[in-house]
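Open the model in your viewer and keep a selection tool at hand. The stops below say what to select next and what is there.

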Amino acid sequence: MKIGDPRAFGRVAVVMGGNSAEREVSLRSGSGVLNALRSRGIDAHPVDGIPALLDALRAGHFARVFNILHGRGGEDGVLQGALEALGVPYTGSGVLGSALGMDKIRTKQVWLALDLPTPRYVRLARGVDAATVHQAARGLGLPVIVKPS
């Protein structure tokens, strides 16, 4: 959907912060998004976290949501599911894409099943020792990226 008049968006909640380990990054990102939206004439307002957002949505304060929450709750399908249930338009991937994207192993499996190019990977059990991690990294070839599943 293309909207030419910023007023047609209605009031936009920029949900940021929250209570994940990535709160500070989300607050910085959210500030940038908020400034950018406002510079384009959009009636955007900051909202800190999911509980405050849901309260504001139930009270009818916002027409749509710009999601800039990082980590659990904001990127894993939880917020997306709540917004879907309330019928509120939002930015980003939907429930399934968000949930799948948080599970790195399942994402790799889907990509490989679809013959999409993706770097090789090794799944390591929680709590493995440093020697096992080092051996796995050498087997893949450096450099490597380590991500929790």
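**Salt bridges**

The count comes to three salt bridges, each defined as a side-chain nitrogen of Lys or Arg within 4 Å of a carboxyl oxygen of Asp or Glu. This is a predicted model, where local features need pLDDT of at least 70, side-chain atom pairs count only at pLDDT 80 or more, and totals for chains, interfaces and linings use all residues. Residues are numbered from 1 along each chain as its sequence is written, and side-chain values use heavy atoms, leaving out hydrogens and water.

Select aspartate 48 and arginine 23: their closest N and O atoms are 2.8 Å apart in a salt bridge. The pair links distant parts of the chain, 25 residues apart, with aspartate 48 in strand β2 (residues 44-48) and arginine 23 in helix α1 (residues 23-39). Helices (H or I, at least four residues) and strands (E, at least two) are DSSP runs, numbered from the N terminus.

Next, select aspartate 55 and arginine 58, which form a salt bridge at 3.2 Å, N to O. Both lie in helix α2, three residues apart, about one turn of the helix.

**Helix pair**

Show α2 (residues 50-58) with α3 (residues 78-86): their axes come within 12 Å and cross at roughly 5°. Axes are lines fitted to C-alpha atoms, for helices over the stretch in contact, and angles run from 0 to 180 degrees between N-to-C directions. Ile50, Leu53, Leu54 and Leu57 in α2 meet Leu79, Ala82, Leu83 and Leu86 in α3, contact being heavy atoms within 4.5 Å.
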